[in-house]
Amino acid sequence: MQFALVIYENEADFIKREGPEAEAYWGGWSEYTQSVQQAGIMEGGAGLQPPSETTTVRRSGSNHEVQPGPSSQSKDHLGGFYLIDVPDLETAIEWASRVPITELGRVEIRPLLNMPAEV
C-alpha cells in the first residue's frame, strides 16, 4: 500500500533549518531519509520552503483569488512529505513514528488514492 507521510512543523522548527541548530536539524532528517531508502520503501518525497514562501489560490465564483502566504493561520505548517510503499497501515504508523519531528510537530498518514483508469 502506498501512503503519504505528511509532516507538519511549527514556526520554531522552520527557524532551526538555518542558524546554530541547522546541523542537528538536518542530521535527523538525513538519517531518517537514508533509513527509508535503505528499507526500499521510499517512493518519493520532498521538504518544502517555509510558509512565508507560500502562495495560495482560491476559487471565488468564476474567478480565482491569489494571496501570498498559507491558506490558514495555523500554528502547524506543512514542512514536507514522504511517499512510502509498505504492506499495511501498521507499518506506515511504525515509519511515521520514526520521523524526526519535535514534540510539537505531527505526521499525518494518508493512503494514496487509486485513480480510476478513465481519468
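Start with the buried residues of helix 2: Ala22, Tyr25, Trp29, Tyr32, Thr33, Ser35 and Val36. Buried means under 20% relative accessible area, exposed means over 50%, and partly exposed is in between, with a 1.4 Å probe and protein chains only. Helices here are DSSP runs of H or I with at least four residues, strands are runs of E with at least two, and both are numbered from the N terminus.

A word on the source. This is a predicted model, where local features need pLDDT of at least 70 and side-chain atom pairs count only at pLDDT 80 or more, while totals for chains, interfaces and linings use all residues. Residues are numbered from 1 along each chain as its sequence is written, and side-chain values use heavy atoms, with hydrogens and water left out.

Back to helix 2. It covers residues 22-38, which is 17 residues. From first C-alpha to last, helix 2 reaches 24 Å, close to the 24 Å expected at 1.5 Å a residue. That expected span is 1.5 Å times one less than the number of residues. After helix 2 comes glycine 40, with a positive phi near 75 degrees.

What do the buried residues of helix 2 pack against? Strand 1 (2-10), helix 1 (11-16), strand 2 (42-47), strand 5 (76-85) and helix 3 (89-96). Contact here means heavy atoms within 4.5 Å.

Now the rings. The structure holds five aromatic pairs. Rings of Phe, Tyr and Trp (its six-membered ring) pair if their centres lie within 6.5 Å; planes under 30 degrees apart are stacked, over 60 edge-to-face, and the rest tilted. Take tyrosine 32 with tyrosine 82: edge-to-face, 5.1 Å centre to centre, 80 degrees between the planes. Tyrosine 32 is in helix 2 and tyrosine 82 in strand 5, so this pair ties together parts 50 residues apart in sequence. Both tyrosine 32 and tyrosine 82 are buried.

Tyrosine 32 also pairs with tryptophan 95, again edge-to-face, at 6.2 Å centre to centre and 70 degrees between the planes. Tryptophan 95 sits in helix 3, so its pair with tyrosine 32 of helix 2 ties together parts 63 residues apart in sequence. Tryptophan 95 is buried, at 8% relative accessible area. Ring pairs link Tyr25, Trp26, Trp29, Tyr32, Tyr82 and Trp95 into a cluster.

What sits over the ring of tryptophan 95? The charged end of arginine 98, 4.2 Å from the ring centre. The rule for a charge over a ring: NZ of Lys or CZ of Arg within 6 Å of the ring centre and within 35 degrees of the ring normal. Arginine 98 belongs to the loop between helix 3 and strand 6 (106-111). Arginine 98 is partly exposed because its relative accessibility is 42%. Not counting residues up to four places away in sequence, arginine 98 touches Tyr32 and Ser35. A second case is arginine 106, over the face of tyrosine 8 at 4.0 Å from the ring centre.

Glutamate 9 is in strand 1, and arginine 17 is in the loop between helix 1 and helix 2. Are these two residues buried or exposed? Both arginine 17 and glutamate 9 are buried, with relative accessible areas of 15% for arginine 17 and 2% for glutamate 9.

Arginine 17 and glutamate 9 form a salt bridge, with the closest N and O atoms 3.2 Å apart. A salt bridge needs a side-chain nitrogen of Lys or Arg within 4 Å of a carboxyl oxygen of Asp or Glu. The side chain of tyrosine 25 makes a polar contact of 2.8 Å with glutamate 9 and another of 3.1 Å with arginine 17. A polar contact is a pair of N or O atoms within 3.5 Å; within protein, one must be able to donate a hydrogen and the other to accept it, and residues adjacent in sequence count only if both atoms are side-chain atoms.

How many salt bridges does the whole structure hold? Four. Among them, aspartate 13 meets lysine 16 at 3.9 Å. These two are three residues apart in helix 1, so about one helical turn separates them. Glutamate 108 and arginine 110 form another, at 2.5 Å, N to O.
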